[in-house]
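This report goes through one protein chain, from single residues to the chain as a whole. Please look at the sequence and the structure before reading on.

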Amino acid sequence: MNSILGHVVWGTFLLAVCSVIHVALITLSIRAMPHVVSWERRLGPHLRIAITVGTAFAMVVGAHLVQVSIWAIVMMILGKFETAEPAIYFAMVTYTTLGYGDIVLGPELRLFASFAAVTGLLTFGLSTAFLVGLFGRLVFIANGPQGPKL
């Protein structure tokens with residue numbers, strides 16, 4: 001992995017793995033939604049929406065934490081971090097594209113690590129689309145085709 005091509009190939013591979021995991025976890029959360037909604041039928045529609053969206057939000061956050069953990073583990077395997085805390089911190093800051101700059105990799109892994117940011121950008125977009133779609137559908141179901149009752 002010492003060449004630019006190696007960084008691109010391995011970064012793309014890890015991005016693909018994380019993306020597949022993210023899509024799988026979102027798919028699982030979609031499949032779980034009917035079970036969440038079934039036990040809360042006795043609640044009011046607004047509380048049902050809040051619980052359902054909250055559950056979906058927690059599942060999405062969990063999916064992102066899994067991916068950050070994968071990037072952190074890979075960075076530890078590559079010998080850039082000896083303990084989990086700085087590896088997770090670096091992966092989280094890179095994945096979310098915050099880029100504080102207090103931990104910086106040397107030139108040998110900068111290109112590879114940038115794929116963590118690309119992974120975060122793509123999967124955050126997917127998460128946002130999922131949550132907006134879910135919320136819109138729930139509001140439509142709760143209010144009917146005539147729109148919200150104000």
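Leaving aside residues up to four places away in sequence, L138 touches I49, T52 and V53. The model is a predicted one. L138 sits in helix α4. Its relative accessibility is 15%, and buried means under 20%, so L138 counts as buried.

**Overall layout**

How many helices and how many strands does the chain have? The secondary structure comes to four helices and zero strands. Read along the sequence, this gives the pattern α-α-α-α.

The chain has a radius of gyration of 19 Å, whereas a compact globule of 150 residues would have one near 15 Å. Along the principal axes, the C-alpha atoms fill a box of roughly 60 × 30 × 25 Å. Another pair of residues gives a sense of distance within the chain: F112 and V132 are 20 residues apart along the chain, and their C-alpha atoms are separated by 31 Å.

Of the 150 residues in the chain, 35% are buried. The chain exposes about 8,900 Å², and carbon and sulfur atoms supply 73% of this area. Contacts between residues at least 6 apart in sequence can also be sorted by separation: 68% of them join residues at least 24 apart.

**The nonpolar cores**

In soluble globular proteins, nonpolar side chains tend to be buried together. In this model, the largest nonpolar core has 20 residues. Which of its members touch the most other members? They are L14, W71, M75, F81, F90, L105 and F112. At least two residues of this core come from each of α1 (4–39), α2 (45–77), α3 (84–95) and α4 (110–143). Helix α2 gives the largest share, six residues. There is also a second, separate core of nine residues, which includes I49, A56, F130 and L134.

F112, named above in the largest core, lies in helix α4. Its relative accessibility is 2%, so F112 counts as buried.

**An aromatic pair**

The count of aromatic pairs comes to five. One of them is formed by Y89 and Y100: the ring centres are 6.4 Å apart and the planes are at 20 degrees, so this pair is stacked. Y89 belongs to helix α3 and Y100 to the loop between α3 and α4, so the pair ties together parts that are 11 residues apart in sequence. Are the two residues buried or exposed? Y89 is partly exposed, at a relative accessible area of 26%, while Y100 counts as exposed at 56% relative accessibility.

A search of the whole structure finds one salt bridge. E108 forms this bridge with K80, and the closest N and O atoms are 2.4 Å apart. The pair links distant parts of the chain, 28 residues apart: E108 is in the loop between α3 and α4, and K80 is in the loop between α2 and α3.

G106 also lies in the loop between α3 and α4. The C-alpha atoms of G106 and K80 are separated by 9.2 Å, although the two residues are 26 residues apart along the chain.

The loop between α3 and α4 holds T97 too. Most residues other than glycine have a negative phi. T97 has a positive phi of about 60 degrees although it is not a glycine.

| Residue | Relative accessibility | Class |
|---|---|---|
| E108 | 38% | partly exposed |
| K80 | 30% | partly exposed |
| G106 | 23% | partly exposed |
| T97 | 42% | partly exposed |

**In brief**

The chain is built from four helices and zero strands. Y89 and Y100 form a stacked pair, and E108 and K80 form a salt bridge.

Key
Residues numbered from 1 in each chain as written. Predicted model: local features only at pLDDT ≥ 70, side-chain atom pairs only at ≥ 80, totals over all residues. Heavy atoms only, no water. Core = buried A, V, L, I, M, F, W, Y, C linked by side-chain atoms within 4.5 Å. Buried < 20%, exposed > 50% of the residue type's maximum accessible area, 1.4 Å probe, protein only. Phe/Tyr/Trp six-rings, centres within 6.5 Å; stacked < 30°, edge-to-face > 60°. Rg over C-alpha atoms; globule rule 2.2 N^0.38 Å. Contact = heavy atoms within 4.5 Å. Areas by Shrake-Rupley, 256 points an atom, 1.4 Å probe, with all protein chains shown as cover. Salt bridge = Lys/Arg side-chain N within 4 Å of Asp/Glu carboxyl O.
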